[in-house]
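Open the model in a viewer and keep the sequence panel beside it. The stops below say what to select and what is there.

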Amino acid sequence: MYRDPVESLEPLHHRQAAIRTLRVGMIGIGTVGSGTFRVLARNRADIAARAGRSIELVMVAARNLERAAGIVGDSVALTADPMQVATHPDVDVVVEVAGGTGPARDWVLAAIAHGKHVVTANKALLAVHGTEIFAAAREKGVIVAYEGAVAVSIPIIKALREGLAANRIEWVAGIINGTTNFILSKMRDEGLDFAAALAQAQALGYAEADPSFDIEGIDAAHKLTLLAANAFGMPLRFADAQVEGITALQGMDVACAEQLGYRIKLLGVARRQAAGVELRVQPVLVPAAHLMAQVNGSMNAVMVKSDAAGLTMYYGAGAGSEQTASAVIADLVDVARLDGVHAAQHVPHLGVHAHATNALAVLPRAAVHTSHYLRVPVHAVNQIQAIAASLAEQKVPVRQVALAAERPGMSPQVLVLTGQVEQGTLDLAVHALQARSEVAAPVTTLRVESLEG
Ligand code: HSE
């Protein structure tokens, strides 16, 4: 039946008047939590205008209540018990920014069970328990949003879920840990040693509570797991990722890579192949002229190769208090706008459907196909040809062979760039090389990423 549009506006008007403030309970008020409080207060009116209603912090759980009161004042209820925030009837959405995987899982599941939406920047929690948490959220029809968990200031989850929703994603590759990128940049540009650069990153609030998560590549692998779930609709398979950090990286390889026209970056790569998905975090060589090589300090960048949009790249701060708050609040705005109507859209993977759960296997290390950099210490410069010949014999295509610039007190070093080869073939060839009499010390290998569309 025909309805007068003027008539139909009436109930809408009433509905809008009835939309009330979104009441936020926050667990944790450290670097990210205090940034979220500040930005919410500073930009209150603009945020409310964009969200269509006010967003108000009503309760905070903190370990140190005195310190928390110093940050939020007396307008916010304080508790030492996170479970109170997770279950309180006056809280509509729980922001979990305490970190960790054990208790945080219980709080988030409790919040979901009580019908509350959850916003979190906790990548470890989601990478490890995400499949369970997203299934619970879907069941309850609530949102678990996590833009702040991946490359903090860059809206990469929204880019994958919304901007690129039309595309089949082929690969995602990125510098997704600010701390390690900061350390690599400081070591290269200022000659700082590893420990001093890490101490600076910690002082600036970039590093995880346990910085081994950063320097061992674990934090980047948590984020890569979330990116892959969004890109390929696969469950969260953190346990299957290949993870290598920067602790074993030698300054000499940074210099040799430069000599060959490359720069070393800690990269997360998730690539769709016919047989499954590559999921790996490693220090790799990227061409020095490539945009990715220009990403320095604590900045992050993510490239996405998709079938319709082609190659796209996203750049922004990868760590920091208000930088993460920006993403956390964007998720709160999403919650305020949607309020559960489209909660299922926020489940990043299709794991809740049996047919999709096992569709994409994570490929084993041996199956990954890339080019490689090899640094081979030898006894004499004239052994360079023997090294190249040995690799060719083992079916490794050799693209470039050079001698590293001489270094006092060091044996000559043969540098090799290979063509594309399976990791399994390369591992066998390196094993054979290592046994040769010309080779004076352990061979160093790193992957080379062309990052071409
Ligand atoms: N420790 C993380 C990093 C913080 O350095 O990238 C942001 O997730």
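Contact, or touching, here means heavy atoms within 4.5 Å. The model is predicted, with local features needing pLDDT of at least 70 and side-chain atom pairs counting only at pLDDT 80 or more, while totals for chains, interfaces and linings use all residues. Numbering runs from 1 along each chain as its sequence is written, and side-chain values use heavy atoms, leaving out hydrogens and water.

Select I27, G28, I29, G30, T31, V32, G33 and S34, which an unreviewed UniProt entry annotates as "binding site". Of these, I27, G28, I29, G30, T31, V32 and G33 are included in the lining of the largest pocket. Such annotations may be inferred rather than shown by experiment; feature names are shortened and positions follow the numbering used here. A pocket is an open set of points on a 1 Å grid over the protein atoms alone, where a 1.4 Å probe fits, with protein on both sides within 12 Å along at least five of seven lines; lining residues have an atom within 4 Å of a point.

Next, pick I27 in strand β1, residues 22-27 (strands are DSSP E runs of at least two residues, helices H or I runs of at least four, numbered from the N terminus). I27 has 2% relative accessible area and is buried (under 20%, using a 1.4 Å probe and protein chains only). Leaving out residues up to four places away in sequence, its contacts include A61, P82, V94 and W107.

Move to G28, in the loop between β1 and α2 (31-42). G28 is also buried, at 12%.

Terms used: Buried means under 20% relative accessible area, exposed over 50%, partly exposed in between (1.4 Å probe, protein chains only).
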